[in-house]
Amino acid sequence: MAYVVLTGASAGIGEAFAHQLAQQKQDLILVARREERLQALATELADRYGITAQVVKADLAQTDGAATLAETIKASGWAVCGLINNAGFGDRGDFDQLALERQLAMIQVNVSSLVALTWHLLPLLKAQAGSFIINVASTAAFQAGPKLAIYYASKAFVLSFSEALHEELKHSGVAVSALCPGATESEFASEANMTDTKLFDGSVMSAETVVRHSLAHRRRAIVIPGLLNRLMVWSGKLSPRFITRRIAGWLQA
Ligand SMILES: NC(=O)c1ccc[n+]([C@@H]2O[C@H](COP(=O)([O-])OP(=O)(O)OC[C@H]3O[C@@H](n4cnc5c(N)ncnc54)[C@H](OP(=O)(O)O)[C@@H]3O)[C@@H](O)[C@H]2O)c1
């Protein structure tokens, strides 16, 4: 049986992916920094659903984090039929007041490690019929985001990269999807210092609903869970950019 590699499996959307895939009898490779959480999750998934869940501790903020992870997977001889690049974080504040190191780590996790892991694992994915990649972007991908400038830019990259790969790999059997959730219940808001924003004060979707939507449409290029989120993205496309970036800034002031 081939595995789905799932980064950021220790919390939030990643943990919900782990549960729903395990329920579908899918074996998993769970990746994050908090190893104890991953071990507990792997045991729970094995007991509840009878699947095999491997645990690999990895820090994707390190420049060689993705390469080391890919080497571990290859050296173990594990076949891979899916990759979910879900690990990511944000950091709210004025760009010049935030720690540069954390902004650069964000680019490493949200962008560079996502690209590197995709590159390293594509040969394994191509070897399996019907395989897939889900890159977790965000509705933030569709406009600029004052107070979260790097986060929004990183998600715009993920969306653009995923759409391009979707076309490139169309006839290779590897489906590529950009998942673009809006505000979702997880540890993200507290990690990003966003719990007191209008964005997270409004309607927040459960991680389970986001993941159900993503998995049901995993062969689509872009998946935006929730009618309200889709309406916001569509109306944003009809509006001048100075309006959409101001609204984004207002939502997270
Ligand atoms: N929640 C939202 O409102 C929302 C909306 C749109 C998009 N998203 C995106 O959804 C994805 C999942 O976020 P979430 O909402 O589930 O947030 P979360 O609950 O904070 O989970 C983030 C996951 O990423 C992992 N991670 C963070 N830094 C890492 C690193 N350096 N190395 C390895 N793993 C790392 C964390 O694991 P460890 O800490 O154990 O390493 C954790 O498992 C992210 O890409 C996020 O940008 C979230």
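Eight salt bridges turn up when the whole structure is searched, a salt bridge being a side-chain nitrogen of Lys or Arg within 4 Å of a carboxyl oxygen of Asp or Glu. Keep in mind that this is a predicted model: local features need pLDDT of at least 70, side-chain atom pairs count only at pLDDT 80 or more, and totals for chains, interfaces and linings use all residues. Residues are numbered from 1 along each chain as its sequence is written, and side-chain values use heavy atoms, with hydrogens and water left out.

| Pair | N to O distance |
|---|---|
| Arg34 and Glu187 | 3.2 Å |
| Lys147 and Asp94 | 2.8 Å |
| Glu167 and Lys170 | 2.8 Å |

Take the salt bridge between Arg34 and Glu187. Arg34 sits in the loop between strand E2 (28–32) and helix H2 (35–49), and Glu187 in the loop between strand E6 (175–179) and helix H6 (188–191), so the pair ties together parts that are 153 residues apart in sequence. (Helices, H or I with at least four residues, and strands, E with at least two, are DSSP runs numbered from the N terminus.) Arg34 is partly exposed because its relative accessibility is 33%, and Glu187 falls in that class at 32%; buried means under 20% relative accessible area, exposed over 50%, and partly exposed in between (1.4 Å probe, protein chains only).

Next come Lys147 and Asp94, which also meet in a salt bridge. This pair links distant parts of the chain, 53 residues apart: Lys147 is in the loop between strand E5 (132–136) and helix H5 (149–168), and Asp94 in the loop between strand E4 (80–85) and H4. Lys147 is partly exposed at 31%, and Asp94 is partly exposed at 37%.

In the pair of Glu167 and Lys170, Glu167 is partly exposed at 47% and Lys170 is partly exposed at 45%. Elsewhere, shared partners join Arg34, Arg37 and Glu187 into one salt-bridge network.

The search finds one cavity of 30 Å³ or more, where a cavity is a set of points on a 1 Å grid over the protein atoms alone where a 1.4 Å probe fits but cannot get out, and lining residues have an atom within 4 Å of a point. The largest cavity has a volume of about 50 Å³. Its lining includes Thr7, Leu60 and Asn85, and helix H4 (residues 100–126) gives the most, with four residues.

Key: On a 1 Å grid over the protein atoms alone, a cavity is a set of points where a 1.4 Å probe fits but cannot get out, and a pocket is an open set with protein on both sides within 12 Å along at least five of seven lines; lining residues have an atom within 4 Å of a point. Grid points are joined across faces, edges and corners, and a volume is the space filled by probe spheres set on the points.
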